[in-house]
Amino acid sequence: MNAREPAFVSQSRSARLRQMLLSNELEFMMEAHNGLSARVVREAGFKAIWGSGLAISAQFGVRDNNEASWTQVVDTLEFMADASDLPILLDGDTGYGNFNNVRRLVRKLEQRGIAGVCIEDKQFPKTNSFINGEAQPLAEIDEFCGKIKAGKDSQTDEHFSIVARVEALIAGWGMDEALRRAEAYAQAGADAILIHSKLSRADEILEFAREWAGRAPLVIVPTKYYSTPTEVFREAGISTVIWANHLIRAAASAMQAVAREIHTSETLVNVEDSIAAVNEIFRLQDADEYSQAEDRYLSGARSAGSALVLAASRGKGLEAVTEDRPKVMLPIAGKPLLRWLVDAFKKQGVNDITVVGGYRADAIDTAGIRLVVNEQHAQTGELASLACALDQLTGDTVISYGDLLFRSYILRDLVESEAVFSVVVDSSLADAENASVRDFAWCSAADDRGLFGNKVVLRHVSSGQDASSSALAAHAPHGRWVGLLNVRGAGHEHLQAVMKQLRMRADFASLDMPALLNALIEAGESIEVQYVHGHWRGVNDLDDFRRAGDFAHAQTPFATAAGAAQGAANNAASGGTQ
Ligand code: SPV
Ligand code: MG
């Protein structure tokens with residue numbers, strides 16, 4: 001196939017089409033009928049596309065009788081022009097009306113980047129030339145010349161081409177009439193003449209070419225005389241050959257065979273290897289470009305992160321209701337706790353969600369998650385669960401306890417944080433009456449709403465390991481870590497490195513998430529704090545479980561007035577517990 005030389009490609013599409021028509025080489029155009037086939041034509045190496053009336057009508061499932069409106073055709077061409085940078089010559093039938101319709105057509109085609117139009121000297125509405133061609137009335141020569149002139153006068157791009165198609169041979173009017181018409185059309189301003197024939201031999205086309213003697217570029221459509229060697233056309237001085245309908249025919253026979261096979265065999269196994277892979281369709285659609293653009297333009301939205309949910313525990317204090325399921329599958333206001341959490345992630349565009357189950361992981365049937373099981377859950381703690389899934393995660397990740405309910409802004413603000421590490425701390429729970437309770441947080445500053453936006457970092461979180469030994473434990477904590485940690489960019493590697501260290505500890509099996517946070521801090525990482533004041537719940541005991549329903553109700557858009565009011569009251573009374 002023709003390689004497309006850089007200089008040629010840098011020209012406008014209309015200039016390239018004109019150059020093809022005028023060139024001394026034999027040129028080729030391939031039919032396309034939609035965006036996908038236009039791309040296929042380009043990839044095959046062709047220099048131009050024939051926007052076939054037959055093929056475009058056929059892909060709509062209608063006849064080649066102007067049943068599709070001209071605007072539907074032009075819309076289709078727009079998809080083709082978008083999918084391929086090749087010049088497109090539209091098969092514009094009769095111009096869809098009189099001279100005035102041709103003027104408007106030319107303007108609209110120019111606006112959509114179409115390089116030229118071919119109009120034929122039949123009458124609107126036309127019928128395909130291969131259907132009873134002799135019965136089809138031809139246009140008056142003068143009237144058709146008027147259309148050509150009107151089209152040429154209305155083009156604003158000097159390179160836009162109008163090809164005049166002579167149907168005299170198709171209609172059985174003879175060679176002299178064909179030549180007379182071609183001459184008149186060339187005089188009227190046509191940039192090329194398309195001479196059409198329905199014979200299986202090229203004789204009349206070759207005779208026409210001889211008589212015509214190069215007065216204007218000649219275009220042919222050898223659908224019926226396809227067995228003629230292409231060299232013959234070259235020697236006859238033909239400008240351009242149009243392969244007019246072969247992609248729609250290829251598509252039709254492939255679709256028929258595949259549909260028949262699948263229907264008969266009731267399985268896909270017989271066809272899978274002989275049809276384009278789904279990935280090939282994605283490639284033809286340029287899906288990669290979309291992903292790159294997403295990275296460029298959606299980065300602020302932080303939409304493509306992942307989540308890792310720790311859900312291995314049965315839940316202390318919840319034994320009575322967790323006989324057959326882990327804590328995260330407890331129903332809260334009509335749906336499992338984990339479903340609330342997964343829905344919250346999805347709402348923020350976090351769709352890659354890994355859940356680490358353990359106790360009764362078989363009961364976790366939440367859709368839209370990847371389940372990883374910590375088989376050692378009975379003997380291990382949170383970090384062992386985290387380690388089960390950490391290797392699978394790349395990029396921005398929210399690590400979360402599985403038993404959380406929260407207002408959506410909490411997660412939104414967390415995933416929008418630019419910090420490498422960030423956590424949510426609830427300042428409404430600062431009074432550490434029971435200092436042995438884990439997850440109390442000491443920070444670089446207290447939650448001062450007047451200083452909203454000031455950067456605060458985490459200093460320490462009370463852990464099952466070290467609450468009493470912490471030097472900070474003497475001071476009142478600044479709040480409670482709610483169980484959400486966001487890890488961005490390079491933070492991922494840092495976290496892996498710290499985890500590697502922790503795994504070497506003899507007590508790794510018993511380590512909890514606060515131990516990880518503290519180890520990160522000790523390793524010099526800065527963990528940014530996002531303060532909230534209530535607006536979340538953890539489910540740690542039966543009391544929490546009972547109250548969680550009210551809280552959840554209040555988060556739904558159609559909460560009943562009573563449910564919402566009750567939820568709000570509970571909310572105000574206490575922020576939540578983990
Ligand atoms: C078309 O492709 O629609 C044509 C060429 O007009 S043909 O069908 O061969 O007449
Ligand atoms: Mg046609």
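This is a predicted model: local features need pLDDT of at least 70, side-chain atom pairs count only at pLDDT 80 or more; totals for chains, interfaces and linings use all residues.
**Entry 1: nonpolar cores**

I began with the largest nonpolar core, which holds 67 residues, and I looked up which of them touch the most other members: they are Leu-386, Leu-458, Leu-485, Leu-495, Met-513 and Leu-516. Helix α18, covering residues 513-522, gives the most to this core, with 7 residues. I then followed Leu-516 and, leaving aside its neighbours within four places in sequence, I found it in contact with Leu-383, Leu-386, Leu-495, Val-498, Met-499 and Leu-502. Apart from this core I noted another one, of 60 residues, which includes Leu-86, Val-117, Ala-139 and Ile-193.

**Entry 2: helix α14**

Just after α14 I came to Gly-349, which takes a positive phi of about 80°.

**Entry 3: salt bridges**

I counted 35 salt bridges in the model, and I looked at three of them in detail.

In the pair of Arg-39 and Asp-286, the closest N and O atoms are 3.9 Å apart, which lies inside the limit of 4 Å for a salt bridge. The two residues come from distant parts of the chain, 247 residues apart, with Arg-39 in helix α3 (residues 35-44) and Asp-286 in the loop between α12 (278-284) and α13 (287-297). Arg-39 has 12% relative accessibility and so counts as buried, whereas Asp-286, at 36%, counts as partly exposed.

For Arg-112 and Glu-78 I read 2.8 Å between the closest N and O atoms of the salt bridge. This pair also links distant parts of the chain, 34 residues apart: Arg-112 sits in the loop between α6 (99-111) and β4 (116-120), and Glu-78 in helix α5 (residues 70-83). Arg-112 is partly exposed, with a relative accessible area of 28%, and Glu-78 is partly exposed at 33%.

Is Glu-134 buried or exposed? At 54% relative accessibility Glu-134 counts as exposed, while Lys-198, at 24%, counts as partly exposed. I also noted that Asp-64, Asp-93, Glu-120, Lys-122, Lys-126, Arg-165 and Glu-167 are joined into one network by salt bridges that share partners.

**Entry 4: helices α4 and α5**

Last, I looked up how helix α4 (residues 53-60) packs with α5, and I found an angle of about 95° and an axis separation of 11 Å. Angles of 65 to 115 degrees count as roughly perpendicular, and α4 and α5 are therefore roughly perpendicular to each other. On the α4 side the contact is made by Ile-56, Gln-59 and Phe-60, and on the α5 side by Gln-72, Val-73, Thr-76, Leu-77 and Met-80. I sorted the residues of this contact by type and got 5 nonpolar, 3 polar and no charged.

Technical notes. Residues are numbered from 1 along each chain as its sequence is written. Chains are lettered from A and ligands numbered from 1 in the order in which they are written. Side-chain values use heavy atoms; hydrogens and water are left out. A nonpolar core is a set of buried Ala, Val, Leu, Ile, Met, Phe, Trp, Tyr and Cys residues joined through side-chain atoms within 4.5 Å. Buried means under 20% relative accessible area, exposed over 50%, partly exposed in between (1.4 Å probe, protein chains only). Helices (H or I, at least four residues) and strands (E, at least two) are DSSP runs, numbered from the N terminus. Contact means heavy atoms within 4.5 Å. A salt bridge is a side-chain nitrogen of Lys or Arg within 4 Å of a carboxyl oxygen of Asp or Glu. Axes are lines fitted to C-alpha atoms, for helices over the stretch in contact, and angles run from 0 to 180 degrees between N-to-C directions. Angles under 35 degrees count as roughly parallel, over 145 as roughly antiparallel, 65 to 115 as roughly perpendicular and the rest as oblique. Ala, Val, Leu, Ile, Met, Phe, Trp, Tyr, Cys and Pro count as nonpolar, Asp, Glu, Lys and Arg as charged, and the others, Gly among them, as polar.
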